[in-house]
Structure formats: structure tokens, C-alpha cells
Amino acid sequence: MTLDSVDRRIVQATQAGLPLVTEPYAQVAATLGLTESEVIARLAAMQDRGVIRRIALAPNHYALGMTANGMSVWDVDDDRISELGTQIGTLPFVTHCYQRPRALPEWPYNLFAMLHGESRSEVQEKQAQVAAILGNACRGHDILYSTRILKKTGLRLRDD
Amino acid sequence: MTRPLRTVLPPDALDSTDRAILNALQDGFPLTPRPYDDAGADLGVTGDDLIVRLARLRDLGAITRFGPFFDAAEMGGAFCLCAMAVPSHRFDAVMTQVNAHPEVAHNYERTHALNMWFVLATDTPDGIDRTARAIEDETGLKVMLFPKLEEYFIGFRVQA
């Protein structure tokens, strides 16, 4: 575990969101009995260590009109996946792009890229752009549309 | 989250400043005593205006979260994408069994023989296997694990 008990309390105090007040870190500090500078220093250290990926907002794609989202999956030549995955990851309509293990025989795909669009036909156009980049390094592909959100809570540290 | 996730905002719900905020604050947020003032300065708004706009975007459902994004693996835990092929007549019952685990952070129904895709987020690396095995025992269905091997970027941009 790379978090000490103070870090952990800071994580718990902020995992639902940063307070929308002029001095949010001072408010977090006050609830934890810490100083503002300690909270800022610890958040900065956690960010440097990669425990915090970033302090940022997460847009709701659906509310913003991106009502079609497809998890596109690709069977990409292992020798080229790093180079090609990096290229796919920079496309503005791709939100999550990962290499994952295949699960043969039923699952031959090793590159996952989430594609967002206002309609399935727009998502399909974007899928074609990805296919063009992958070219003959791709042996097969599929796309899985989400039809229902069954749960969405994000990470929660247990309070223990 | 009290607001339904699947509601599309009317096109005029966001002005150009809102869109600039949505884009800019996906990348990061200052660790300074008055971060809204500092982030607002780059966007041409006061800190108070930025706070009001973020609160409104959150209440509208245009953003799902604003704050630190933690990396479970760096905190000593783990994340893993999982999939199951659930017979349609059992879908809702299995969904209830899966969602009952607090380790299940997101869960989506998708268009594929593997029709249930969820993310496990756990405090410890062995929590992934333990939770997956528990779900298999409860449901009698195989849980396929797709841990990320490499990440190529995460981003999303609205038209500014």
C-alpha cells in the first residue's frame, strides 16, 4: 500500500468530488484537521506518484449528445500494437484505448478503443477511420454498443 | 447521482464558455489555494463564475464528476474489465447479483454474446480474482478477465 493513513483520509474526503468553493483545499483540510498546505502538498505528491491521475472533470457523453458509444475491439498484430495503439489513442473521438489480453478461442481481440458519436452511423464512420489506420495489421474487428448502463459508481475506498 | 444518466441536454444548454470549461478541465486543475480563480483566469472567467458554471454543469448532468481521479493500481489495488455471457432470461437476476458487489464500479449491457461488461475496482490486487470467483460461484457463469496491459491515452473533446 503506497498510501499512509493521512493520504487515505484525503482520498476518502475527495473521491466524491472537489468542493465547489473558492478555497477547496482549505475546506478539505478543515474537515480533516489538517492545514491547507499539507493537503495541497499531499495531493501534489500523490499526483507525482501516479496515485492521482489528474484532478479534472468527467463529461457525461450521453448528456452532451454523444448518445451512441461503441466499444470497438481489434485483433492487431502484436508487433505493431504499441505503435498503432498510440496513434488510435490520439484520435479526438476515442476516450479509452487499451491493449488487453486475448481470450482465445472466443475472444481474438487485443486492442479496445471506445468510440463516441451522436448516432451509430457516426460511430461507424469513426470505426472506419480506425480501420484505415490499422490497415493490414488488423486481422479482425467487432464493435459492442452499450444498450444499458447497469451500474456506475466509480471507485470507492472502503471506510475501514 | 440523482439525475438520470441517459438524458440528452438541449443544444442550447451550454454556451461557448461552458464548452471551453468542459474541454480545458479534463486535462487538469491547479493545486493552488484559489484554484478556481487560477483556472478561470485561463478561460476568461472569474473564479466565482467558474464555480457557478461547474455547479450548474453538474446539476444539469453535463459532467459526471469533478475532482481527483485515482489510480487503483497505484494505490495498491487493481482495476479489471470483466465480461460475462448471460442468458437473456437470467439477465436481470444476474445483474442484481453482480451489482451487489461494491467492487463493481461500472456495469454495461452490450450487444454481443458477451453481453455484460463490468469493471472491478479493488483495494488489493487479489481482490479482482476473489470477486470474480465469487461472482462465478453465485451465478454459475464464467467471468472473463480483461486487465489492461497498456494504456494509450484517454481524452474526449466537445466542439468548442
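Visitor: How many helices and strands are there in chain B, and which pattern does chain B follow along the sequence?
Guide: This is a predicted model. Chain B has five helices and six strands. Read along the sequence, their pattern is α-α-α-β-β-α-β-β-α-β-β.

Visitor: What radius of gyration does chain B have, beside that of a compact globule of 160 residues?
Guide: The C-alpha atoms of chain B fill a box of roughly 55 × 35 × 25 Å along the principal axes. A compact globule of 160 residues would come near 15 Å. Chain B has a radius of gyration of 20 Å.

Visitor: How far apart lie the C-alpha centres of domain 1 and domain 2 of chain B?
Guide: The domain assignment puts domain 1 at 14–60 and domain 2 at 78–146. Their C-alpha centres lie apart by 36 Å.

Visitor: Is B:Arg53 buried or exposed?
Guide: B:Arg53 sits in helix α3, residues 47–60 of chain B. Its relative accessible area is 17%. Buried means under 20%, so B:Arg53 counts as buried.

Visitor: Which side chains make polar contacts with the side chain of B:Arg53?
Guide: Leaving aside neighbours within four places in sequence, B:Arg53 is in contact with B:Asp15, B:Thr17, B:Asp18 and B:Ile21. One side-chain polar contact spans 3.0 Å, to B:Asp15. Another, at 2.8 Å, goes to B:Asp18.

Visitor: How much of residues 64–151 of chain A is helix, and how much is strand?
Guide: An unreviewed UniProt entry places "domain: Siroheme decarboxylase AsnC-like ligand binding" on this span. Its end C-alpha atoms lie 20 Å apart. The span is 27% helix and 41% strand.

Conventions: Residues numbered from 1 in each chain as written. Chains lettered and ligands numbered in written order. Predicted model: local features only at pLDDT ≥ 70, side-chain atom pairs only at ≥ 80, totals over all residues. Heavy atoms only, no water. Helix = DSSP H or I, 4+ residues; strand = E, 2+ residues; numbered from the N terminus. Buried < 20%, exposed > 50% of the residue type's maximum accessible area, 1.4 Å probe, protein only. Polar contact = N/O pair within 3.5 Å; in protein donor to acceptor, adjacent residues only side chain to side chain. Contact = heavy atoms within 4.5 Å. UniProt positions renumbered as here; feature names shortened; annotations may be inferred. Domains from an automatic or database assignment. Rg over C-alpha atoms; globule rule 2.2 N^0.38 Å.
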